[in-house]
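Visitor: I would like a short tour of this entry. Please show it, and then take my questions.

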Amino acid sequence: MEGMDQLVEERGRAEFDVEAMKVVWAGSKHALDVSDRMSRIVASDPVFAKDNRTMLDRKVLFKTTLKKAAHAWKRINELRLTEEEAGQLRFFIDEPSYVDLHWGMFVPAIRGQASEEQQKKWLPLAYKMQIIGCYAQTELGHGSNVQGLETTATFDKDSDEFVIHSPTLTSCKWWPGGLGKVSTHAVIYARLITEGKDYGVHGFIVQLRSLEDHLPLPGITVGDIGMKFGNGAYNTMDNGVLRFDHVRIPRDQMLMRLSQVTKEGKYVPSDVPRQLVYGTMVYVRQTIVSDASKALSRAVTIATRYSAVRRQFGSQDGGPESQVLDYKTQQNRLFPLIASAYAFRFVGEWLKSLYTDVTQRLAANDFSTLPEAHACTAGLKSLTTSVTADGIEECRKLCGGHGYLCSSGLPELFAVYIPACTYEGDNIVLLLQVARFLMKTVAQLATGKKPVGTTAYMGNIEYLMQSKCDVQTAEDWLNPKVIREAFEARSVRMAVNCAQNISKAPTQEEGFHELSADLIEAAVAHCQLIVVTKFIEKVEQEIEGKGVKNQLEILCNIYALNLLHKHLGEFLTTGCLTPKQGALASAQLRFLYSQLRPNAVSLVDAFNYTDHYLGSVLGRYDGNVYPALYDQAWKDPLNDTVVMDGYEEYIQGPLLKQKLRLSRL
């Protein structure tokens, strides 16, 4: 019971209203109520149990996932849940499945790219799950380079059909979730060819399996691509391979909102602007940023609670050993991750408002902010997923040896999360896109064009290129204006430096290629500035609850000053700071850690996660870690028998009771 008592004591030290912080984290009292209710419905239902998931054979694991998905659909209908509630219920089930791709990719693709007539036909079927869909874009040979896709959709005007074909092995669709075993339909991306001309990649709705016996339709070869990294984790998902052999579909199954092909084979672009596709992209990437904050907050909850329970060294005169959370090295690694979880939550919240703004502008045919919104969401997707993936692994290390156990929840969380660094845009490729946008923005400054949105600070380029930081004491670093200006100056100067070096190259493309590593650093600096700025803006709002605003200010300063400390070389080489000012920032950071320390456990409590969702013996709310670890060990299938299978055959006979012969060696 030592662990439980320790966390009670930790919670008693909190200097803020935890319930009020829960509302801030959730976004509103309504959002907190919904997530709280849905998480408890899931936690109390034995069908959604997951404590043995990492021990299951793949077939058993997959069938269990199918059972949970079916049970979730049943509960959604029985409880008459809203779309918001249903989404939260599926989130807290915490098991990747075909349902994620059906609702997260297939349905949005039809909403965004199908004509009104097509939507009336397909969406009711999808909403009732009378068809189950996936999103088949990536191929064996092409992922990030969408324009390089090889699958073809050739129009046959004699039959008024498209012929979908995989001309090469590398043109096989490869990776789509839900494709391997479940999906009946897919939105397929293929090169549209009509009248002998290739019009590039377009979307098509293709039925893959019979709705009667689920067998693949003629000309379709489909299956699962095999086991993926980790135990449990993403192996609950049937990522698939799909090959077409001249499969025919009606002409009206081409997604026709943006363009169509007539019966005569003429390719006709519609009046709807192609830029509308970017709206969906902004939405998907905003969701990924939001998911990053959830995954990172989950990992830091486990690491923080366990660090408060775990005691090592430091015993004086037979007294208790020191809590691991009291060690400065632990705080230096863990507290910036807590701050990052909050930072990503708030920038994700802001991205929702950006999506709303982009959607309204698109409806009014205003595309002026689209390039900036696209670059911003691409960069934030890259930044937040990379930091989160690394942060989860750091949390595993922060939990010592026990963090390596599957029962800690961290190995599976890491394995299930890291694909986010690759899907919806490889993180390095996305940063290069951001860098291109930054170089274009710098070039346009000379023409007098004012930068917008998250690049608006570049309009102040003359001042930022020569400004001097006036920090003289460690406390000066608590001024948000000082922090913001330092990050703006660093970002501008790194971007300008890259632009100047590119201009010296024989061609712009050669310069971009040669300086790609520097450009990525400039893109990261810009994206970090966005997160810092949005965190500062959040803290400057009216925030209810005793001590809540003060804790958010501490977290905001930790987030910013830790980045400054980690990237101090960039701040120094660009002349934004002096070495002494960098040292003062580090000193202030250490003081901030001491301020955060008594509130650490309560700050992760504010995420309001159930023990079921955390799925960790180390992150239990009651802190009763050691009995849970011991009990969980005996649930391993290897302990089903006292004497293991294979003892007589491989241990007793050949080893323990072997008849020794003298070796000639």
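Predicted model: local features only at pLDDT ≥ 70, side-chain atom pairs only at ≥ 80, totals over all residues.

Visitor: Is the crossing of H10 and H11 left-handed or right-handed?
Guide: Helix H10 covers residues 370–398 and helix H11 covers residues 410–417. Their axes come within 9 Å. By the rule above, the crossing of H10 and H11 is left-handed.

Visitor: Are H10 and H11 roughly parallel or roughly antiparallel to each other?
Guide: The axes of H10 and H11 cross at roughly 160°. Angles over 145 degrees count as roughly antiparallel. H10 and H11 are therefore roughly antiparallel.

Visitor: Which residues of H11 meet H10?
Guide: The H10 side includes Thr384, Thr388, Ile392 and Arg396. By class, the contact of H10 with H11 has 7 nonpolar, 3 polar and 2 charged residues. From H11 come Leu410, Leu413, Phe414 and Tyr417.

Visitor: Is the ring pair of Trp25 and Phe607 stacked, tilted or edge-to-face?
Guide: Trp25 is in helix H2, and Phe607 is in the loop between helix H20 and helix H21, 582 residues apart. Both Trp25 and Phe607 are buried. The ring centres of Trp25 and Phe607 are 4.4 Å apart and the planes are at 50°, so the pair is tilted.

Visitor: And the pair of Phe487 and Phe571: stacked, tilted or edge-to-face?
Guide: Phe487 sits in helix H14 and Phe571 in helix H18, 84 residues apart. With centres 5.2 Å apart and planes at 75°, the pair of Phe487 and Phe571 is edge-to-face.

Visitor: Is Met129 buried or exposed?
Guide: Met129 is found in the loop between helix H7 and strand E1. Phi of Met129 is near 55°, a positive value in a residue other than glycine. Buried means under 20% relative accessible area. At 17%, Met129 is therefore buried.

Visitor: What is the phi of Asp160?
Guide: Asp160 lies in the loop between strand E2 and strand E3. At 24% relative accessibility, Asp160 counts as partly exposed. Phi is positive in this residue other than glycine, near 60°.

Visitor: Which residues does Gln286 touch, not counting residues up to four places away in sequence?
Guide: Gln286 lies in helix H8. Gln286 is buried, with a relative accessible area of 5%. Not counting residues up to four places away in sequence, Gln286 touches Gly348, Leu351 and Lys352.

Terms used
Residues numbered from 1 in each chain as written. Heavy atoms only, no water. Helix = DSSP H or I, 4+ residues; strand = E, 2+ residues; numbered from the N terminus. Buried < 20%, exposed > 50% of the residue type's maximum accessible area, 1.4 Å probe, protein only. Axes fitted to C-alpha atoms, helices over the stretch in contact; angles between N-to-C directions. Parallel < 35°, antiparallel > 145°, perpendicular 65-115°, else oblique. Left-handed = near helix turned anticlockwise from the far one by under 90°. Contact = heavy atoms within 4.5 Å. Nonpolar A, V, L, I, M, F, W, Y, C, P; charged D, E, K, R; others polar. Phe/Tyr/Trp six-rings, centres within 6.5 Å; stacked < 30°, edge-to-face > 60°.
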